[in-house]
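Please look over this protein model. A short report follows.

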Amino acid sequence: MARSSPGHVVTRLRPARPDEAELLRGWRADPRSEYEAWGALPPGVASTATIPEPPGLAELVVTDGDDQPVGTVGWHQVVYGPTAGSIALDIGISLRPEFQRRGHGSRAQRMLSEYLFRTFPVHRVQASTDVTNVGEQAALERAGFAREGVLRGAQWRAGGWHDLVSYARLRDDA
């Protein structure tokens with residue numbers, strides 16, 4: 001899937017290729033954003049503790065018009081009740097700094113949410129970002145997500161608890 005904007009910048013989403021595994025591993029090991037610097041575990045959580053990956057975890061590569069990887073988008077299931085009708089998909093994005101502020105983020109998140117609505121029988125696709133990450137907040141709003149509120153102390157990152165701003169698109173938001 002591909003999308004361009006008035007500046008003719010093309011954004012595409014696709015599965016990672018086997019030859020990109022090392023590149024993606026390197027990106028995860030070398031976060032270039034304070035919002036991706038996870039650091040040590042919170043107090044009281046043993047370093048040997050493991051939390052399984054969320055069910056339905058998946059990822060796509062974000063590329064430019066030349067098929068050059070510029071980042072990744074991913075999603076996982078979030079359950080709000082006891083039935084399958086209460087499952088939402090939570091998305092996240094990681095763009096390398098040199099490719100930010102070009103429109104890839106908002107286009108990739110809009111494309112991903114549209115893909116998820118076409119592919120899965122969910123009513124809600126949601127995302128969150130740090131309260132200080134105003135660039136990502138603007139990107140989510142351009143992607144059609146509505147701001148819902150602040151999740152206090154929701155994320156442990158870089159040695160402290162951080163508040164997140166919650167966003168969502170509903171299937172009938174179109």
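Which side chain does the side chain of glutamate 22 make a polar contact with? Arginine 25 is the partner, at 3.0 Å. A polar contact is a pair of N or O atoms within 3.5 Å, one able to donate a hydrogen and the other to accept it; residues adjacent in sequence count only if both atoms are side-chain atoms. Glutamate 22 is found in helix H1, residues 21-29. It is exposed, at 54% relative accessibility.

This is a predicted model: local features need pLDDT of at least 70, side-chain atom pairs need 80 or more, and totals for chains, interfaces and linings use all residues. Residues are numbered from 1 along each chain, and side-chain values use heavy atoms, without hydrogens and water.

The protein has three helices and eight strands. These are DSSP runs (helices H or I, at least four residues; strands E, at least two). Their order is β-β-α-β-β-β-α-β-α-β-β. Of the 174 residues, 37% are buried. Buried means under 20% relative accessible area, exposed over 50%, partly exposed in between (1.4 Å probe, protein chains only).

The structure holds two aromatic pairs. Rings of Phe, Tyr and Trp (its six-membered ring) pair if their centres lie within 6.5 Å; planes under 30 degrees apart are stacked, over 60 edge-to-face, the rest tilted.

| Pair | Type | Centre to centre | Between planes |
|---|---|---|---|
| Tryptophan 75 and tyrosine 115 | edge-to-face | 6.0 Å | 65° |
| Tryptophan 156 and tryptophan 161 | edge-to-face | 5.0 Å | 70° |

Tryptophan 75 lies in strand S4 and tyrosine 115 in helix H2, so their pair ties together parts 40 residues apart in sequence. Tryptophan 75 is buried at 6%; tyrosine 115 is partly exposed at 25%. Tryptophan 156 is buried at 17%, whereas tryptophan 161 is exposed at 53%.
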